[in-house]
Each structure stands twice: as C-alpha cells, then as structure tokens.
Amino acid sequence: MIPLRLISRLDIKGPNVVKGVRLEGLRVVGNPRDLARRYYEQGIDEIIYMDIVASLYGRNNILSVVAEAAEDIFVPLTVGGGMRQVEDIRAALRQGADKVAINTAAIANPGFLSEAAQAFGSQCIVVSIEAKKHGEGQWEALTDNGREVTGKDAVDWAEEAESLGAGEILVTSVDQEGTRKGFDMALLAAIHDRVGIPVIASGGAGTAEHTRAVWEAGCADAVACASVLHYGDYSVPELKRCVHDAGFEVRQ
Amino acid sequence: MIAVVDYGRGNLFSIARSLAHVGATFAVTRDAAEISTADGVILPGVGAFADAMAALESRDLVAVLRDVAAAGRPMLGICLGMQLFFSRSQEFGETRGLDIIAGEVRKLPLKNGGMRVPNVGWRKLDKVRPDPLLEILERDPMFYFVHSFVAFPDDGGGIVASLPINGVDATVMVRRGPVAGCQFHPEKSGLAGLQLLARFAAMSGAQSGATRAA
C-alpha cells in the first residue's frame, strides 16, 4: 500500500474559500492564503484549488490566488475551474500550478483532454468528475459545479478520460459533498476498479474514520478533505494519525 | 550562482521560489554563456522527452549542457530533467538524450493490482546509498513523485536510490561524478526537498548566506 496522500480542497469563489452542502448553499469559510498556509504548516500533502464559478462566468480569477500560494508553499498545487483551452492550462502552470483539473470543457469536447495531455503530459492533467447517484450502482457525471446534467455515466466517463490521456481522476460525490457523512465508497470502488490511473476521493469527509475507511478499502489513491479541515473539526496531523494508527504509512 | 535552465518545459517558478527560500543565488536563464559559467546548473523538466530534447536543441543548449558536465561543475536534473541526462528514451519511439549518463528511459511496468501509473504521491526512497545531496536530511524523508517513465542506468552504476515499482527497482536518484538527477520533485517535497536544494546550492558555492537555510 502506498503512503496516504491527504489533500486539502479549497473551493474558491472570488477572493474567498467557500463551502456548501451538495455544492449548494455556499458559506465563506476563510481566505485562500490563510487556509493553505495553515494546512501546509500542518503537513498537508497537496492542495487543490477549485474555482467553482469559473464555468458559470466564463473567466478565471483564481490564478492570482495560486501564484500567491506558490510563493512559499512547497507541495503540489492543482488548479481547477474554467480550464477551457490549452492557453488556460499554460497560464495556470506558469503561475505555479503543477496540475490542472478539467471537467466541463472535457465533457463538452473530449478531444480537449487529448490535446492537453499531449501538450503538457498526462501527469499534469486531472479529470474532475462530479458524480450524482441516480440508481443502485449508477452515477451521472455533472458539469458546471453540479449545475448541469450530461447524461454521461460517471464510471464510463472515467474510463474514457483515462484513454484520452488523463493522469488522475478526481471523483467528487455530489450526494455526499459537504455533508460530512462519509465518502460514497461504492462510487469510488466502481471507478477505481475501472481505471488504472490514480483516483482521488472527494466529497463527504467528516471524521478521521472516513479517511481511514477509504484507505482500508483501497478504493482511492488520495483523499481530499474540505469541511472537516475548514471548520476545525480535525487538524491535518489528527487525520493522518488515525490512518497511521490503522497500520498505514503517512508523511509526518 | 546557479543557472536554472529555461527551455520552456519546466516548473521554473516553483524551482526559483524554492531556491530563493533557501537563500541560493541563482538565475533562470536560457543564455548559453551564463549556463556555461554558472557554478551549478539545474535542469528542470515536465512533459515529454522528445519534445524537451527538441526544445534544448532549438536553443543550442545540448552541447552547452554536455560541456558543463564534462567540466565537472555540479548539475542537478529534476524529473524529466534527470531523464534527459540519459542516452536515450523509449517514450513515443526512441529518442536520443544528452547522453551524459549511459542508460535508457522506459515506461514504468504495469501490473494488475500493483502500483498505479502514473506513479503519483509521496514515497520513501529505497536502497539509499550515501550522497552529498542527502547528507543533512531527516531520516527516511518522503519526496513527491509524479511520473510514468523512469531511467535505467546501463550498468546499474551510479544508482543512489530506487523505488520498487511493479517488480522493478526504478532508479529515482542517480549520480555520475558532479552530475546528479532525481526523479522526484524537491521543489514540491516540503522541508526535505528544500534541504536537498540547499545542499545543492552549498555544493555549488551558490549560497548567499544572507537568508535562512531550509
């Protein structure tokens, strides 16, 4: 088993980090700079910035946030939201991002994924899937931060994204997101079994046990947390200790 | 002064920020004269091997980098930058590399139920041999990896550290005289990575001393 990779996910709207429940009812929880700095000092393994209104407004205001973080935060930074063309990716990487997360533009035009993977390498292309359950063992991929339905099966789409050159899949359960009631383990397992690239679990972390459960089940290769850290329920070391105490390796 | 080679294919921003953080004197440059006379050279790189070699060739930097290695000045290749030091790569057909270290770059083997490729995340180094770049590090540090290809030195020589991946010992740190390479990203590996870069700066005599070490 690989060591735990614990990611803090910061959903960004304008100048703020926000958090909702099932991607709705957004509340401001802090500023990106302070939260990223706090998690870095606590030993977070990676940070994901998600501009959750970029698709809606057709603009990117997140790059200055990333550039500021990259000044003195020396762990991988992933940026998502509004990545529509190769130039958007290039701009994000130039500002200090290591990887970009793509959802809406990839579903609208899967060829964009191949183009991006060829231009920058698969290792920097993360496909973000927002999955909503619509039956037993069935999930639909949504776009525009959960606002638009696509008719695409989330698990099939994960497999297609891998074949198009994605290097990782970020799986967000829209049903669990922000509820702090645990991950959608069946969704994670379904996608993890279907693809050979790393899968990042997102949506639902509310306790350290939720993170440990993902690691014990082996249904993801990284775990992204938001509310559980933002609201101060747990610190990064507390989340890691729980996984470590179950016999897994973590970075101190 | 350390020259960070700018050929349009690396995470220059993060490497520059890391070097500044540890108080190294450096310049991000594509200027052959500046690279030739630098006290140390860092070759970054992300993306595809052939594309990166083409970028070095179009900027007339291939001979410059070989000369720096031959002159015995410290060099550090990071990720794809390390792979470029080798003789050739099998990524998208065979491509010649800088050939400073004899060996070949190949795709990581796949294995059902094994480690996933790309290999992404934090790993401890395995079978570590002493190296000046690792001297002041904490015990068993973890470094951040993100790669699908890895180098295989021809004679198994010069291997500083490896990672067991799906049945092979993948070479993730290598040294041939003054030339070192790491498959991981020290600029993205927290304190351990900063310490490694601080060591490289010290070995290059490119430490201002004015700012704090990692």
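Okay, let's start with one tyrosine. Tyr49(A) touches Leu10(A), Ile12(A), Pro32(A), Ile62(A), Val65(A), Val66(A), Leu77(A) and Val79(A), and that leaves out anything up to four places away in sequence. Before I go on: this is a predicted model.

So where does that tyrosine sit? Tyr49(A) is among the residues with the most contacts inside the largest nonpolar core, along with Ile47(A), Val100(A), Ile125(A), Ile169(A) and Val171(A). That core has 169 residues. And which element gives the largest share of the core? Helix α6 of chain B, residues 190–203, with seven residues. Keep α6(B) in mind, as we'll come back to that helix.

Staying in chain A for a moment, have a look at helix α8, residues 185–194. Leu187(A), Leu188(A), Ala190(A), Ile191(A) and His192(A) are the buried ones there. What do they pack against? On the strand side, we have β7 (125–135), β8 (138–143), β10 (168–173) and β11 (199–202) of chain A. The helices are α7 (154–164) and α9 (208–217), also of chain A.

Next, a helix pair in chain A. Helix α4, residues 86–94, packs on helix α6, residues 111–120, with the axes 10 Å apart and an angle of about 40°. At that angle α4(A) and α6(A) count as oblique to each other. On the α4(A) side the contact uses Val86(A), Ile89(A) and Leu93(A), and on the α6(A) side Glu115(A), Ala116(A), Ala119(A) and Phe120(A). As for handedness, α4(A) passes α6(A) in a right-handed crossing.

Now over to chain B. This chain has six helices and 13 strands. Its radius of gyration is 16 Å, close to the 17 Å from the globule rule for 214 residues, so chain B is as compact as a globular protein of that length. If you box up the C-alpha atoms of chain B along the principal axes, you get roughly 50 × 40 × 30 Å. Of the 214 residues in chain B, 57% count as buried. And if you take the contacts in chain B between residues at least 6 apart in sequence, 70% of them join residues at least 24 apart.

How do the two chains meet? The contact takes 26 residues from chain A and 27 from chain B. On the chain B side, α1 (12–21), β8 (119–124), β9 (142–147) and α6 each supply at least two residues. The largest share of that side is five residues, and it comes from α1(B).

Last stop is Val120(B), which is found in strand β8 of chain B. Is Val120(B) buried or exposed? Buried: there are 27 other C-beta atoms within 10 Å, and the cut-off for buried is 20 or more. Which residues does Val120(B) touch, beyond those up to four places away in sequence? From chain A, Glu168(A) and Pro198(A), and from chain B, Phe145(B) and Val146(B).

Notes:
Residues are numbered from 1 along each chain as its sequence is written. Chains are lettered from A and ligands numbered from 1 in the order in which they are written. This is a predicted model: local features need pLDDT of at least 70, side-chain atom pairs count only at pLDDT 80 or more; totals for chains, interfaces and linings use all residues. A nonpolar core is a set of buried Ala, Val, Leu, Ile, Met, Phe, Trp, Tyr and Cys residues joined through C-beta atoms within 7 Å. A residue is buried if 20 or more other C-beta atoms lie within 10 Å of its own, exposed if 12 or fewer, and partly exposed in between; C-beta atoms are placed from the backbone. Helices (H or I, at least four residues) and strands (E, at least two) are DSSP runs, numbered from the N terminus. Two residues are in contact if their C-beta atoms, placed from the backbone, lie within 7 Å. The radius of gyration is taken over C-alpha atoms; the globule rule is 2.2 Å times the number of residues to the power 0.38. Axes are lines fitted to C-alpha atoms, for helices over the stretch in contact, and angles run from 0 to 180 degrees between N-to-C directions. Angles under 35 degrees count as roughly parallel, over 145 as roughly antiparallel, 65 to 115 as roughly perpendicular and the rest as oblique. A crossing is left-handed if the near helix is turned anticlockwise from the far one by less than a right angle, and right-handed if clockwise.
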